[in-house]
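Subject: Structure handover

Hello,

Below is the structure for your files. My notes on it follow.

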Amino acid sequence: MRDNSSSDGFIGRALPWLLAFLVISAAYLYAFPQANILYAAVVLLHAFTGVVTAILLVPALFRLLRNGSLVSRAGWMLIAVSAVVGLILIKTGTSRAEFKWLYLHIAIALVGIGLLIVDKVGERSSLPANWVVKIARCAICLMVLAGVAYGAHYIRQRWQTRSRIENPTMPPGNMNGEGDGPEGSFFPSSAQVYGKQKIPSKFFMESDSCKRCHEDIYNQWFSSAHHFSSFNNQWYRKSIEYMQDTIGTKPSKWCGGCHDPAVLYSGLMDTPIKQIVHRPESQAGLGCMMCHSIADVKSTMGQGDFYLEYPKLHELAASQNKVARALHDFVIRLNPEPHRRVFLKPFMKTQTAEFCSTCHKVHLDVPVNHYRWFRGFNEYDNWQASGVSGQGARSFYYPPKPQQCADCHMPAESSHDAGNINGVVHSHRFPGANTAVPTANEDAAQLKLTEGFLKSGALTVDIFAISPAQSPLKSGGASGQPELATTFAVGEEAETKSSPGAGGEVAPLTAPLNRVQPALRRGDTVRVDVVVRTKKVGHFFPGGTVDAYDTWLELKGTDDKGQTIFWSGMVEDAGKGPVEKGAHFYRSLQIDAHGNPINKRNAWATRAVVYVRLIPPGAADTVHYRVSIPENAGNKITLHARLCYRKFSWYGTHEAFAGQPDPGSPNSVAPDYDDRPTVFTASLSGVSAKQEKVPDVPIVAVAESEVTLPVVAHNAPAPEPKTIVKKEEWQRWNDYGIGLFLQGDLKAAAAAFQKVTEADAANPDGWVNIGRCAVQEGDMERARMVLEKALALSPKLARANYFYARVLRSDGNYEGAAARLRIVLAQYPRDRVALNDYGRILFLQRKYSDAVKALQSVLAIDPEDLQAHYNLMLCYSGLGDPKLAKEHEARYMRFKADESAQAITGPYRRLHPEDNNERQAIHEHVSVPLPLLHPKRTDEAASAARAGGSQ
């Protein structure tokens, strides 16, 4: 009996202490998750103590339930239930799927502890032991515990507001102020590492350690373009080898910040990559740890503008010691919160686009290009300013709800990996447009996924209209092409003025072709208009390094005899060679200081842009073709249009795999030009691909359209122009008008938008878009009339109010314009153009302080906004603050265009008439020479095409 009594006494004394430790450790673990040894030790101690407590409860529970008060019995019963749930959690872990059991464990334990405390207080209290007192005591105790729990939860959640991505109030005055500056180990990349330390290469090379818990995600990533971002990608490898040969190793770190973590952050990138290209570090690509160890993103200026953090506990995860690795995995499974906080920062989920901007937006400056600042590729700004983000007030179209990068590029996939939510994870295949890498890797699954993504309806093609051919458009000098401030397109993130183009009077139109089915007369020449529309694209199409791809619109006409009567956008070598030079391309065509095209990924040598043609998100491009109907054409002609995409261009792929400077030519190369001809005779030994050969990168038809029209004799009556307008097809007319508007054919655009109002007079979009055209033309009375119609239909419509503010501003009615802009900004507070306009109006009213506040909010969105810096310079001058005026003047001068750059394009355009034609805002395309049309010129055309292909 004494032994049992002694045992009961020991358990009775031990249990309160054990429970006290469990409560204190639980509060610490819940409120202060941290990735350190102390926290991991407390996790293990909490689990161990819980097991010991559960074991001791087994023999003691019967006695405690038999002898205690009702409150005490209830408390111990709840503690026992909590212990059982805790034991289950030790087995299952506390992943997101088990959260309900974790919180049940906590809640039951809290209530149980509270009841035991109430019972202890009651035993020592002098108050009468009636039910009212007991209930009050229980209520007070449970309220106190609930308050403590709420406080712990508040502290736990507080980290969600930390590390938000916020832009600096003033960007650096030059590139030397970015990152660690010229003395930094990683400069000119803006990337930094906490403590300015280097990170061991192996940290970025041990993604397989993540596979133990995230196998599906690991397998997805293994095929992705992120995995093949570095020197395991021949196209990238060749560009860096060429860059280092031309301008040295240090400037190549500009690329390495995002492409080559295992090489750059370990200090290896000081070595010419040709010497280490086959080392494992050079073949690692972007592993899990690169993106997931970003601890802070400093701005949305891109360029790898982030801080990396090296978590020391990673060495346990990647340890070759099985015991250490098992212990690490057990602790994470038991309490994954610290692991989640280290590798999944709040901004990765709540500010996805801003997070992605850090590598998907770049600029070049003196340390890289020995020239000046200009924008490289930029996926973020045009997304941010568009309707897709839900932040742009002036878009043509808006999706049902705003979308971020991950909505398209990290779609949900079924998975039971740790961290899944309801059985799905975000795909780490990162589906996009890179068909080249899976082709070189012979990865059929990734290639199929990428082609499927491209063909998923993100863009549409519509052979929409036909009209009698007018006099051929003449290529002029003025084309609206920008001076060199960007090699990318400019969309809704800046106010652009499209001058009325050379469209002339509106030609009589027949449309839509599939509805009207007009007859074509033999011997006639007609203009065919094809519309390309971005529907599910959140950035410009195409995106990325748009100087490197073949993206073009093909139009082919065949008759019922099988004769090809028209072909623009033909590809040589049976569809595997270069694209004919006169095609309608979507790209950025840049040249170096000597007028050589930038075609080796040598962006640092860019000195002028011949043209940039990209389609903004939620917009359209209208393409014109001059089609001659042969006398011997059949009775029907089928027009087939394809939006074609090949990553990379034919030249780019051959240059990356087999290109080398012609050894027989002078070695005429400098940082700003390369006059050496390229020959494709380099050895293929050791190329970064599955096989040592030049891959045949597929051409993907992103979207297609076809229409068949009857053909009649030349002496038949000329068909009368005819249009069919249906309410359900208003968007086709709207798309047609958008394409015309963006190329400056304002009269034709307004006529198309008028059809939108005829289709549905209650739809304000037609009236708003006519108003856009009138504002651009300077016809403010016309704009006022149509915009008032739109506002009568929808008084708060942001885009109508914005353009109406432009009308009022032209009247000198600044207060009225400001009031309209306040309506816009109440709905879209992050529309940069509206904010800039508002700030400008306040400046004109001499409300300088208010103007400064508005313009500073522009810089909070984009610190490199040229117009904001210009207006802030004026505002601070008005406020008598020359120091800040000078600061903004310096930024304005840094970011403004090089006004002399276009002079370089003159000789190039004279030598390349097809590119000069493409440069014109409004232009037409003709067919390549075909036997049916020009039998005598077939040989000449073939030889010309061959010469162009090897250029």
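Of the 71 residues in the largest nonpolar core, which touch the most other members? They are W733 and Y736. A nonpolar core here is a set of buried Ala, Val, Leu, Ile, Met, Phe, Trp, Tyr and Cys residues joined through side-chain atoms within 4.5 Å. Buried means under 20% relative accessible area, exposed over 50%, and partly exposed in between (1.4 Å probe, protein chains only). Apart from this core lies another, of 52 residues, including C210, M243, F347 and I598.

Before the rest, the conventions. This is a predicted model, in which local features need pLDDT of at least 70 and side-chain atom pairs count only at pLDDT 80 or more, while totals for chains, interfaces and linings use all residues. Residues are numbered from 1 along each chain as its sequence is written, and side-chain values use heavy atoms, with hydrogens and water left out.

Leaving aside neighbours within four places in sequence, Y736 is in contact (heavy atoms within 4.5 Å) with F464, A465, L509, R527, D529, V531, T622 and A752. Two of these contacts, D529 and R527, form a salt bridge at 3.3 Å, N to O. Both D529 and R527 are buried.

A salt bridge is a side-chain nitrogen of Lys or Arg within 4 Å of a carboxyl oxygen of Asp or Glu; the structure holds 45 of them. Others to look at:

- E655 and K238: the closest N and O atoms are 3.9 Å apart. E655 is in helix 25 (residues 650–658) and K238 in helix 8 (residues 234–247), so the pair ties together parts that are 417 residues apart in sequence. Helices are DSSP runs (H or I, at least four residues), numbered from the N terminus. E655 counts as buried because its relative accessibility is 7%; K238 is buried at 14%.
- E781 and R784: the closest N and O atoms are 3.1 Å apart. Both lie in helix 29 (residues 780–793), three residues apart, about one turn of the helix. E781 counts as exposed at 53% relative accessibility, whereas R784 counts as buried at 17%.
- K361, R375, D381, R832, D862, E864 and D865 are linked in a network of salt bridges.

Last, R156. This residue lies in helix 5 (residues 131–157) and counts as buried because its relative accessibility is 7%. The R156 side chain reaches the backbone oxygen of Y30 at 3.0 Å. Not counting residues up to four places away in sequence, R156 touches L29, Y30, A31, P33, Y103, E337 and R341.

Regards

Technical notes. Helix = DSSP H or I, 4+ residues; strand = E, 2+ residues; numbered from the N terminus. Polar contact = N/O pair within 3.5 Å; in protein donor to acceptor, adjacent residues only side chain to side chain.
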